[in-house]
Each structure stands twice: as C-alpha cells, then as structure tokens.
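Please consult the sequence and the structure shown below while reading.

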Amino acid sequence: MNLVAQVIVDVPTMQTNRPYDYSVPGQLQPVIQEGMRIVVPFGRGSRSVQGFVVGLKAKSEHPEKLKSILEIMDLEPVLNKELIELGQAMSNETYSFLITCYQSMLPAALRASYEKFIVPSPELNKELAVSIFEGRGEISWKEAEERELFSELKKLKNKGLVKVRYEVSDHRTYQTIRMVKSLLSYEEAQKESENLRTTAKKQKLLLLTLQKMKEESWSSKQLNQEYGLNNRDIKVGEEKGWLEIEEVRKYRNPYEDMDLETTTALDLSEEQQSAYRAIVSSIVKNEDQTYLLKGITGSGKTEVYMQVIDEALKEGKTAVVLVPEISLTPQMVTQFKGRFGQRVAVMHSGLSDGERYDEWQRLVSKEADVVVGARSSIFAPVENLGVIIIDEEHEGSYKQNENPRYHARNVAKWRGNYHQCPVVLGSATPSLESRARASKDVYQLLEMNQRPTGQDLPGVEVVNLRDEARQGNYSSFSNILLEKIRDRLEKKEQIVLMLNRRGYSSFIMCRDCGFVLQCPNCDIAQTLHMDSKSMKCHYCGHEENIPNHCPQCRSSSIRYYGTGTQKVEEELKTVIEDAKIVRMDRDTTRRKGAHEKLLDRFGRGEADILLGTQMIAKGLDFPNVTLVGVLNADTSLNLPDFRSSEKTFQLLTQVSGRAGRGDKSGEVLVQTYNPEHYAIQLAQRQDYDSFYKYEMQFRHKGNYPPYYFTLRISVSHEVEREAYLKVYEISQFLKPALNSTSTMLGPTPSAIARTQNKYHYQIIIKYKNKSQLHDKVHELMQKNQKESLKGLQITIDSEPNTFM
DNA sequence: AGCACGCCGACT
DNA sequence: GTCGGCGTGCTC
C-alpha cells in the first residue's frame, strides 16, 4: 500500500509555506496520524527538518519527487484536526507562515532543535581520518567550526569522503517516580519473614510493609518517608525477588504542595445570576454567542466565571480561561485550584518549559479539563469546549507582537464557532471594539454594576499639578497628596502609589499651562526625537523644531516630561523620613518570584507604601490599603497613539479599584497637568458609558477603530534609503487596492526611527472593506519572497496595538 | 533556512 | 587554466 503524508516543514519562508508530499514507509504506516511531528529530509542536501503531518492521502501529484519520512517524533498527535484547521485560518488572517502558527500553538519543549555532525565514509584514507576525527566516530559541526576545518571538509564532502548527519530533537524531559509492587502473597511474605535472621530488622519491616500493600503499587518516596525504608532496603527486596520496581512517568506539578482550601460556590447576586444564566443557556444549547460581561471592579466576575465553568464541566465539557500574564498571581491560581482542584491546568511564564509541557500533557490526557493561563493558552489542546472566558478583555497583551501576530480574542471566537460554545469577554472597562459590537448586538451585553459585598467605590479626587507648579512645587508630590500620605501613616493604613511609565519622556509639555505640542494635521501629540533633535508626527510625517518657549503661554518651562520610580522613591524619602517603601518596577521584579515576594511583604504589612509602575494596577487586593495615588496620570495621555485616552481611562479606573477593598473606605488621588481632559474627568466619575460615547465620537471623526480596520506595514533596513524605497514601493503597490472608504497614512519613519542600527519606515492603512486589501497584501507577500535576503525586513500587522 | 548550480575575478 | 566569490532558485 502507498501512503503519502502532506507535511508542513520547519522552514519559515514564503516559498516553503505549503504542504510537501512524503511517502510513508511500510513500518510507519500503521502508526502515522495527522497532527504528528515527524522528521523528513528536505532540500538538495536532504538535511533533516521537523515537520507537521497535516494530511494523509493515497497518492501524490508528483510521485517522482517523493522522499520518505525518516522518523516519527510522537506517539500521539500533538495537533488535532481542529488545531490544524485553526493554524490555516490564523496563517491567512495574520499574514504569517503556517509553520510559525503551528509552533506557537505548542509548548516550547516540543520545538525542534537541530544539530549537525560530520561522519567519515569508509573510503576516507587513514591519515585524514586520524587528523580530523582523532579516532572518534564523528565530530560535531560546532567543533569543526572551532577547529577551522570547514574548507577542507567541504572538499572532502564533494568527493563523498565525509557525510553530514543531521539530528533533530526537542526539549522534552520527563520526571519519573519509582513505584514498588509486591510479588509475594501474604503467606509467602510471612514465610520469608520467619526465615530471616533476627538481626534483619529492616528486611522484616519491608516484608511487613509488602503485606500491607497487597495488590497496590506504592511509591518508593512513600516507603522512605512513612515506613523508614531506604532505597537500599528496597533494592535488596528486589534482588530477593520479593518486589518489583517500576519507573512511572510523573507530571511535574508546580502547585502540588500548595495548601488548597477547597472553596465552594458563593451565593450570586441578582446581577451575577442573570449573567450566569445567560451564559449557561448558551453552553447547554451549544450556541457560539459572544458575551461582553461588563462588571465594575469588585462586582464578582470571577465567581460568575467559576460557576459557569462548573456548569460546563457538569455537561461533560471543558473550559479555557485567559487572564493577563500579570494578573496570573498565586491568589488567582489558588482561587481556581481551590474550586476545581487538579482538574485545572495552569500555564504562565513563571513555569519552566518542562512544567509547561507537563501541564499541557495533562490536558491532552484529559486528566485536566480546565485551563487557566495567559495568551497562548487559547491553543490549549482540549476537546469538546464548553466555554471560553477572556478576563480583562481590553488588555493589549492579548495581541501577540511577534509573528504570528494573532489576537487571542479572535482565536477564541474561531474556536467558539468550531465548538459551538459561548465566549465570555469580561472587563470593567471594555475595549471600544468590544463595547461597540455589543451595541450592534454582535455581542450580548451583560452588566454588573454593584459590588456584592456592598462596598462603595472609592472616591476619586483630581489634583491639578499646574496649580502646584504655580505655587512653586515642582516635586512629584502635591501638598494634598503628602498630607494624605502622612495621615494614613499615622493611622497605620497602607498606601499604593503608581507612577505611570507609559510614554515616558517621549513628548514635551509646558509645566505652566499643560500645553502639549500637537501635530497640525493629525490632532495627536508629536513625538520628541532626540536622534534628529526635532518633533515629529509619525502619522503624517510632519516635522518641526523643538520649541524653546511654550507656543501658548510663552513660558520657558516647556520640557520633556517623565520620572523614574527610583527618583520618586528618593524624593519621597526626603519628605517622609520614616516610611517603609516597597518599590516595584522592572528592575526590582526582574528575578523570578521577586514580584510575589515584594507583594507578600507589603501584604504582611512590612511596608507602608507600595510604589510601582502599571504592574501594580491589576488585581491586587489588600484590605488595609485606603489611599491610592496616581503621580502622573497624563504621561499615557500624550502618546502619539489613538488609543491613549482609552488606555489612560482604563488604567485610572483599574488603579482606583485598588483602594478600599476591606471594610475601611478608600480614597484615590490622581495628579495631572490636564485635569480637564475627558479621560481623566470621566475616570474620576467612574463613568464608563460617557467615556465610551465621547471616545467613539473621536474615533469616528478620525476614522479610527472600531469604525475602521487598520493594517500596519513596516520595513526596516540598515541603510535608511533602502528601507524608504521599499516602503514607498509597497505603498505604490497597495494604492490600487484602496477606495473611497480607505486611506493610507505615510510612508513615514516609525516613532523610533532607528533601533539596533536599523531604520524603520511604515505605512498605516485604515479601511472598511476587508477582502479587497487582504488579497492584495497576500499578493504582496508572494512578490516580496526574497526581500529578506537583501537585509530587508517587512512586517505586516493586522489590527496593530499601536501605530508606533 | 541551506544547499547547489552557475558565471566572473585573482591565484598556484 | 582553476579555486572560490556570492547572486539565483529550489526544496515533495
């Protein structure tokens, strides 16, 4: 019988972005399945590469070209039919290679690594064999490189005197435990025991234990710890034929030793119940409805999620929960583990490759049927999905900013459609895209506006830093904030201070009147470019000099704006001497586990003030915190980004939720140079609906999402002119695909015009009609096949997070 | 990606 | 004359 496998090979180029046919040798025919990883010979040199079987068929259209599969890397497929199909859809949507899509769906431990060796042929003469191989059977490619043997080896290879051997492997590792099983009946053990010398106490104990075990297998660890039998004792038992030792694969479980308090379902409030009922009805009816669950901070979204998941499990289905990486705290994990126990697989970046792989394997083996994890968990290998939940759906981190540039929300919807199951998007501050879809009834809106605990939302006060400046206070702390900090310290209550680092010193602002230099054409802040010593708008390419005086009030206090946490900490220490401060930023949390440690310290009350960047805005729940201060609300406001207001509003709303989580009421203080900006005003009033309406007008006026689709194409090259020429050529190529409902911005230099000695240029396209441009972009990819050889890097990003 | 084929310059 | 430079094209 002939069997042909269609294989996607691990060669990420445009030219090889399609299935290749391979014949399946007889002995592999009974085992090979779609979705397995295999090793195939590829290219002229038939080097070994990893591939994915995406189809099997009886014969090929070009039988004369067929090579044979070398090896199968898996016992069971790593991709099921659904994921194979999803990869194809994703590749098409995100303009990325099939192989890149498949790789990103799997744990890193399954990614191939390649090694090359040089092997002598029998015809190679003795002398050379000795001088090159030194008596060994082969040498590694790396060694040959180091010993500078390349040109010699190349000649020998052309003459067929040495060969190259390719090795393909992955990083899979297993942990095993030793299981002990008795081979003796109760009576036999009794007999053996009687024959022992009286001094053989351990042997006697061993036999006694074996009698207790009966038919079961016990781990050697258990015998060690509970019965005081060491491995030597067990070994002797094995030699005497009393018992059998078996190595069994064990899944590494990072949460194995966690103290789990089992939690039970809480009573739901009326609002929670109606949300719950709506979602559950879709699970039961197999409906691929998307829900937007808009619930204020503290409204009990997580409890709704968990009860919905419980219902899905009762229906015999599985569930996927996505949470932003930074929210995936031990508290969060405990909540889910406490409710669903070992049925939960947790995936986050803190795990080692091996641990991740084991969690993944627990899903494949159906030992776990609930996944809680960050973005890439959307590819969890679960079958029969009952519900997909995306918490904090507005988070930008759900979009991957390297290839494949997918958005987890879109993947979720694709899977929801495939499984005919609901998708729940949860947020206190939904993205405009999602909220707009809810208005158009594409999504069903579920609202929760009350806290079941009856706590009030904290009051938010805005402090105008311009007034402070006028009074000569140029420090990071307004007088009123200092006053409040002192007050809390006295009351032994805690304080959270956030320094907004988004957009750090990339724009300039007048300290006297709050004026920010805008682009005359684009209604957006211009970016300071220190490399060219000028202000630039990268939407349209407008450029002007850095002003010395504020164009509005003629003040000379116009300068770029921004501070670091370290500086703020020092400043704080000089005004409040005895405060204990925990600083959290990228520097102090770089080490693994440092994040948790710092938060633990603060949680135990070992510090009074938690000072940090955005990373402290999410999910923290400290009952003793009664004051939250935002030191600089406007930095994120002035980014040259159409989402800057939205991001600022979300951040302020989120951080406000950190105050008053316990029985004491909380207070929030927001310092800003732009107190009248709508994002700040509406965040102060915690008025999402008004913000939504206002922001939608802005988006409508500027033809931004959600009214338009967006596409960003960027080109980079070491030689600026090369990058520019290419991006210009691309813009000319795409222009015919534009119509009256689409516009192209640029080509312009990117916000950071040069990184790693490469110049970046970009085009942004805003469009209404998806298919027309889509086809043209695919054509562009085909056309640009060989550009990367010339050192040109072209990136295509559909629905980019920012235009920078 | 990586390898072979192929067509031009400076060497034993 | 040839060794080797890297531009071009193809990989089941």
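The points that follow are grouped by topic, from the whole chain to single residues.

This is a predicted model, in which local features need pLDDT of at least 70, side-chain atom pairs count only at pLDDT 80 or more, and totals for chains, interfaces and linings use all residues. Residues are numbered from 1 along each chain as its sequence is written, chains are lettered from A and ligands numbered from 1 in the order in which they are written, and side-chain values use heavy atoms, with hydrogens and water left out.

**The chain as a whole**

- The C-alpha trace of chain A spans about 95 × 70 × 60 Å along its principal axes.
- Of the 804 residues of chain A, 54% count as buried; buried means under 20% relative accessible area, exposed over 50%, and partly exposed in between, with a 1.4 Å probe and protein chains only.
- Among contacts (heavy atoms within 4.5 Å) in chain A between residues at least 6 apart in sequence, 74% join residues at least 24 apart.

**Salt bridges**

- The structure holds 33 salt bridges, each defined as a side-chain nitrogen of Lys or Arg within 4 Å of a carboxyl oxygen of Asp or Glu.
- Arginine 37 and aspartate 74 form one such bridge, at 2.7 Å from N to O. This pair links distant parts of the chain, 37 residues apart: arginine 37 lies in strand β3 (residues 37-42), and aspartate 74 in the loop between β6 (71-72) and α1 (81-94).
- Arginine 37 counts as buried because its relative accessibility is 0%, and aspartate 74 counts as buried at 7%.
- In the salt bridge between arginine 362 and glutamate 359, the closest N and O atoms are 3.0 Å apart. The two residues are about one helical turn apart because three residues separate their positions in helix α13 (residues 353-364), and both arginine 362 and glutamate 359 are buried.
- A network of salt bridges links Lys484, Asp487, Arg488, Lys491 and Glu667.

**Surface patches**

- Arg47, Lys116, Lys154 and Lys157 gather in a surface patch of positive charge. Patches are made of residues with over 30% relative accessible area and no salt bridge, like charges being joined within 9 Å and nonpolar side chains (Val, Leu, Ile, Met, Phe, Trp, Tyr) within 5 Å.
- Lys and Arg count as positive and Asp and Glu as negative, while His and the chain ends are not counted; the place of a charge is taken as NZ of Lys, CZ of Arg, CG of Asp or CD of Glu.
- Lysine 116 belongs to strand β7 (residues 113-120) and is partly exposed, at 32% relative accessibility.
- Tyr724, Leu725 and Tyr728 form a nonpolar surface patch with about 270 Å² of accessible area together.
- Tyrosine 728 is located in helix α23 (residues 720-734) and counts as partly exposed, at 39% relative accessibility.

**Serine 219**

- Serine 219 sits in strand β11 (residues 217-219) and is buried, with a relative accessible area of 17%.
- Serine 219 touches Arg178 and Met179, leaving aside residues up to four places away in sequence.

Notes:
Accessible areas come from the Shrake-Rupley method with a 1.4 Å probe; for residues, only the protein chains shown count as cover. Helices (H or I, at least four residues) and strands (E, at least two) are DSSP runs, numbered from the N terminus.
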